[in-house]
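Take a moment to turn the model around on your screen. We will walk through it one piece at a time, beginning with a single residue in a loop.

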Amino acid sequence: MNDIPTIRVGILGFGTVGQGTWKHLQENSSFWEKILAVRLVPVRASVRNLNKERKVLIPMESLTTDSNAIVDDPDIDVICELIGGIEEAKKLTLRAFSHGKSVVTANKALICEHGEELFNAAEKAGVHYAFEASVAGGIPIIKVLRESLVANEFPLIYGILNGTSNYILTRMENQGVGFEEVLKDARRLGYVEADEALDLEGFDAAHKAVILAYLAHGLWVDLKSITVEGISKISNEDLEAAFALGYKIKLIGVIRRNFANNHISVGVYPALVPVAEIIARTDGVYNGISLTGSVVGTVVLTGRGAGQDPTSGSVISDLVDVVKGIRGMNSYSKLIHVAPEECKLAQAIEICGCYYLRLSVVDKPGQLAKVAECLAEHEVSLATVSQSPKGASASANIILTTHETNEHSIAQAMKSLEQLGGVKEPPVLFRIFDPGPASR
Ligand code: HSE
């Protein structure tokens with residue numbers, strides 16, 4: 001593997017997402033070699049201030065204040081534009097295209113404003129302009145719309161496209177805290193964009209809605225001609241009143257197409273969403289997008305819509321696609337995360353969890369004790385017990401839950417219970433699923 005080629009990545013903007021991209025590219029370097037048969041290496045990053053303290057430490061000589069120098073560097077193959085803003089980012093992007101370099105971006109404002117021009121310029125230059133990270137951070141919505149759901153037309157796409165405003169509304173609703181107070185916390189936690197109106201007045205969500213509308217319908221919508229409202233008028237009283245009516249107030253982006261007359265409407269505004277909708281139950285900094293397709297029906301994606309790791313994951317996903325393009329690989333080739341010799345199927349004794357058991361037993365003194373003793377012999381400990389008589393049949397149902405044990409022990413215990421005197425029917429066992437911290 002020593003003679004494999006190297007693809008060098010230049011990062012414009014070394015803030016939250018830029019640093020995350022560098023960190024994850026480096027941490028998983030052997031992984032890229034495995035799936036792409038190239039070294040995918042971050043080599044330079046541009047910053048405004050060389051001396052600013054940063055969490056991700058990189059060699060000083062890799063940093064520059066001159067983004068053009070990175071774009072022009074003949075040793076750099078691919079550019080990640082993560083500086084945000086419009087004019088400078090646009091110039092740098094076009095400059096990278098003119099050098100035949102593909103660009104990966106998270107810049108929703110730029111695409112919303114100049115997407116058409118930039119996509120055309122990329123096509124003309126024969127390069128990629130990839131923007132998965134621009135909408136909903138870690139949620140792979142761009143790929144889903146462009147690739148996975150390509151067989152569909154979309155009468156409705158709607159959802160929460162701004163994590164900061166969703167965090168504020170969720171805390172106001174759950175804790176009864178006022179808007180101003182939660183906003184202070186959101187600022188302290190670094191959630192709020194430098195230009196606060198982007199988050200609070202709905203413009204950030206509107207940029208993303210415009211991009212989704214383009215991807216779904218091929219129409220570039222002018223931001224100035226759509227409804228864009230933010231969350232600043234929402235009071236705790238509104239949230240409570242809406243909830244009493246069976247709704248949650250969420251800041252949503254809504255893209256509708258009427259296929260009868262082919263009219264498309266796009267808007268971002270606070271709306272009462274029925275509590276039964278997954279989007280209504282998408283809380284905190286999470287984003288959620290519901291896509292109703294003509295073929296698939298409704299698909300809902302929820303997840304982290306911002307933050308270093310989720311967003312840089314999307315940047316890297318685009319980088320991988322760009323590299324595959326450069327290498328002429330098809331998108332399904334070599335998607336192997338771990339070599340077969342590196343992982344193996346877990347043994348029953350390693351698979352741990354809690355269990356629910358229903359036993360039909362004779363209703364006589366000492367029966368419950370016999371069941372508990374049988375379980376104890378297999379080191380299965382009871383967490384809860386309840387018993388209900390089964391009418392006149394002199395039998396009872398015992399419902400048990402266990403403390404944590406493992407698949408091996410519980411299987412052995414089940415065999416013993418089946419043979420145990422007084423157990424009238426084969427016991428019924430269900431696993432108590434614990435999604436664990438990984439799902440939150
Ligand atoms: N300010 C944005 C949000 C960041 O809160 O969702 C991600 O685009």
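Glutamate 379 is exposed, with a relative accessible area of 68%. Here, exposed means over 50% relative accessible area, buried means under 20%, and partly exposed lies in between, using a 1.4 Å probe and counting protein chains only. You will find glutamate 379 in the loop between helix H13 (367-377) and strand E14 (382-389). Helices (H or I, at least four residues) and strands (E, at least two) are DSSP runs, numbered from the N terminus. The phi angle of glutamate 379 is near 60 degrees, a positive value in a residue other than glycine.

Before we move on, a word about what you are looking at. This is a predicted model, in which local features need pLDDT of at least 70 and side-chain atom pairs count only at pLDDT 80 or more, while totals for chains, interfaces and linings use all residues. Residues are numbered from 1 along each chain as its sequence is written, and side-chain values use heavy atoms, with hydrogens and water left out.

Now look for alanine 136, which also has a positive phi, of about 60 degrees, although it is not a glycine. Alanine 136 sits in the loop between E6 and helix H6 (141-148). Is alanine 136 buried or exposed? Alanine 136 is buried, with a relative accessible area of 0%.

Let us step back to the whole chain. It is divided into domain 1 (6-137 + 309-326), domain 2 (145-303) and domain 3 (348-432); these bounds come from an automatic or database domain assignment. Taken over C-alpha atoms, the centres of domain 1 and domain 3 are 57 Å apart.

Next, trace the open sheet formed by six strands in the order E3-E2-E1-E4-E5-E6, with parallel pairing. Two strands pair if DSSP finds at least two bridges between them. At the edges are strand E3 (63-64) and strand E6 (129-130), each pairing on one side only. Strand E1 (residues 6-12) has five of its seven residues buried. Seven bridges join E1 to strand E2 (residues 39-46), and across this pair glycine 10 stands opposite arginine 44, while leucine 12 stands opposite serine 46. E1 also pairs with E4 in the parallel sense over four bridges, where leucine 12 stands opposite glutamate 81. E4 in turn pairs with strand E5 (residues 102-105), again parallel and over four bridges; there, valine 78 has serine 102 as its bridge partner.

Side chains in a regular strand alternate between the two faces of the sheet. In strand E4 (residues 78-81), Val78 and Cys80 point one way and Ile79 and Glu81 the other, and all are buried.

Finally, find the ligand. Which residues surround the ligand? They are Lys108, Asn162, Gly163, Thr164, Glu193, Asp199, Asp204, Lys208, Gly305 and Ala306, where being near means having a heavy atom within 4 Å. This shell divides into one nonpolar, four polar and five charged residues. Ala, Val, Leu, Ile, Met, Phe, Trp, Tyr, Cys and Pro count as nonpolar, Asp, Glu, Lys and Arg as charged, and the others, Gly among them, as polar.

An oxygen atom of the ligand is 2.6 Å from an N or O atom in the side chain of lysine 108, and a nitrogen atom of the ligand is 2.7 Å from an N or O atom in the side chain of glutamate 193. The protein covers 88% of the 260 Å² of accessible area that the ligand has on its own, with areas computed by the Shrake-Rupley method with a 1.4 Å probe.

Note on methods
Polar contact = N/O pair within 3.5 Å; in protein donor to acceptor, adjacent residues only side chain to side chain.
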